[in-house]
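Please look over the sequence and the structure shown below before reading on. The briefing that follows takes up a few topics in turn, each in whole sentences.

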Amino acid sequence: SNENIGTLTTQTMITVLGYGVSERLSVMATLPYVWTHASQGPLHGMDGVQDLTLAAKYQLLATPFTSSGTLRALVVGIVGLPASDYTADFLPLSIGLHSQRVAGRFTLNFQSNQRWFLNGSAGYTWRGTVQLDRPAYYTNGQLYLTDEVVMPDVFDYKLSGGFLKGRLYIPVSLSQQFTLGGGDIRRQDMPFVSNRMNFVTVDGAVMYSLPAPRELGIRLGASRVVSGRNVGQATAVSGGLFYTFHF
């Protein structure tokens, strides 16, 4: 808690474009616009375009797994880079960390014949340095006489399950992130871009494709940070529209 901030509210509008190159390969791009707002204190929120993320997903295999269903293995390659010159050194009101990212992810999916599914996914993210608008900073018990911050890498995993049949898709998941390095927020100080940010999140969603036109889908979801280190105890609600173009 911090009386200079009160409750932090973050709103995000994300544009997502995906294209199915083949039955095995698909590509995707996302671009968020983010607003932050503090309920009390002298600090003003920020808003702007955050980071452009490009990803490619490839299905390594899809094979019958006993008589119960189908097992799939997928790999994903991800590249992310800041899409605007926003300030990262103003957490928790910054709209992002302004770090270039390269990530890889491996996923196993089991789809049962009864339409239940299970997923297990793990990813590793390499993060580039962040440049600050000041010549020195102090973190993790050490003074650095430079404007460049070396960002620790991140490992995460996600376990999910749910129901998928026809127009209805209901996933429920648990995910955990580990920052591989970084210090803690200092007492009476702002959070810092390279802080160790670990957390566990649970979330669920419902997605439904309308009967007419079936290309239009509606998604509603909610998530909760149930434990964390240098991460706020946050609840998120989301809604989205998806439209499929057939070529």
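Predicted model: local features only at pLDDT ≥ 70, side-chain atom pairs only at ≥ 80, totals over all residues.

**Surface patch**

Tyr 19, Val 21, Val 27, Tyr 243, Phe 245 and Phe 247 together make a nonpolar surface patch of about 730 Å².

- Because its relative accessibility is 88%, and the cut-off for the exposed class is over 50%, Phe 247 counts as exposed.

**Strand pairing around β2**

- Strand β1, which covers residues 8–20, and strand β2, which covers residues 25–38, run antiparallel and are joined by 13 bridges.
- Between β1 and β2 the chain passes through a hairpin of four residues, and within this pairing Thr 10 stands opposite Thr 36 in β2.
- Strand β4, made of residues 51–65, also pairs with β2 in the antiparallel sense, here over six bridges, and in this pairing Ala 29 is the residue that stands opposite Leu 54 in β4.
- Strand β3, made of residues 47–49, pairs with β2 over three bridges, again in the antiparallel sense, and Trp 35 is found opposite Asp 47 in β3.
- As a general point for reading such strands, side chains in a regular strand alternate between the two faces of the sheet.

**Salt bridges**

- Arg 105 lies in strand β6 (residues 101–112) and Asp 156 in strand β12 (residues 153–165), so the pair ties together parts of the chain that are 51 residues apart in sequence.
- Is Asp 156 buried or exposed? Asp 156 is buried, because its relative accessible area is 16% and the buried class takes in values under 20%, whereas Arg 105 is partly exposed, with a relative accessible area of 22%.
- Asp 184 and Arg 229 meet through their side chains in a salt bridge with an N to O distance of 2.9 Å. Asp 184 belongs to the loop between β13 (168–180) and β14 (198–209), while Arg 229 belongs to strand β15 (residues 216–229), so this pair ties together parts that are 45 residues apart in sequence.
- Asp 184 counts as partly exposed at 35% relative accessibility, and Arg 229 counts as partly exposed at 40%.
- A salt bridge is also formed by Asp 189 with Arg 186, where the closest N and O atoms are 3.0 Å apart. Asp 189 is partly exposed, with a relative accessible area of 32%, and Arg 186 is partly exposed as well, with a relative accessible area of 40%.

**A buried threonine**

- Thr 179 is found in strand β13, and this residue is buried, with a relative accessible area of 4%.
- Which residues does Thr 179 touch, when those up to four places away in sequence are not counted? Thr 179 touches Arg 127, Pro 152, Asp 153 and Val 154, together with Asn 195, Arg 196, Met 197 and Asn 198.

**Backbone features**

- Leu 91 and Pro 92 are joined by a cis peptide bond, for which omega is about 5°, and Pro 92 is found in the loop between β5 (69–82) and β6.
- Arg 115 has a positive phi of about 80° although this residue is not a glycine. Arg 115 is found in the loop between β6 and β7 (116–127), and it is partly exposed, with a relative accessible area of 42%.
- Gln 188 is another residue other than glycine with a positive phi, in this case near 60°. Gln 188 lies in the loop between β13 and β14, and at 78% relative accessibility it counts as exposed.

Methods:
Residues numbered from 1 in each chain as written. Heavy atoms only, no water. Pairing = 2+ DSSP bridges. Helix = DSSP H or I, 4+ residues; strand = E, 2+ residues; numbered from the N terminus. Patch = residues over 30% accessible without salt bridge, like charges linked within 9 Å, V, L, I, M, F, W, Y side chains within 5 Å. Areas by Shrake-Rupley, 256 points an atom, 1.4 Å probe, with all protein chains shown as cover. Salt bridge = Lys/Arg side-chain N within 4 Å of Asp/Glu carboxyl O. Buried < 20%, exposed > 50% of the residue type's maximum accessible area, 1.4 Å probe, protein only. Contact = heavy atoms within 4.5 Å.
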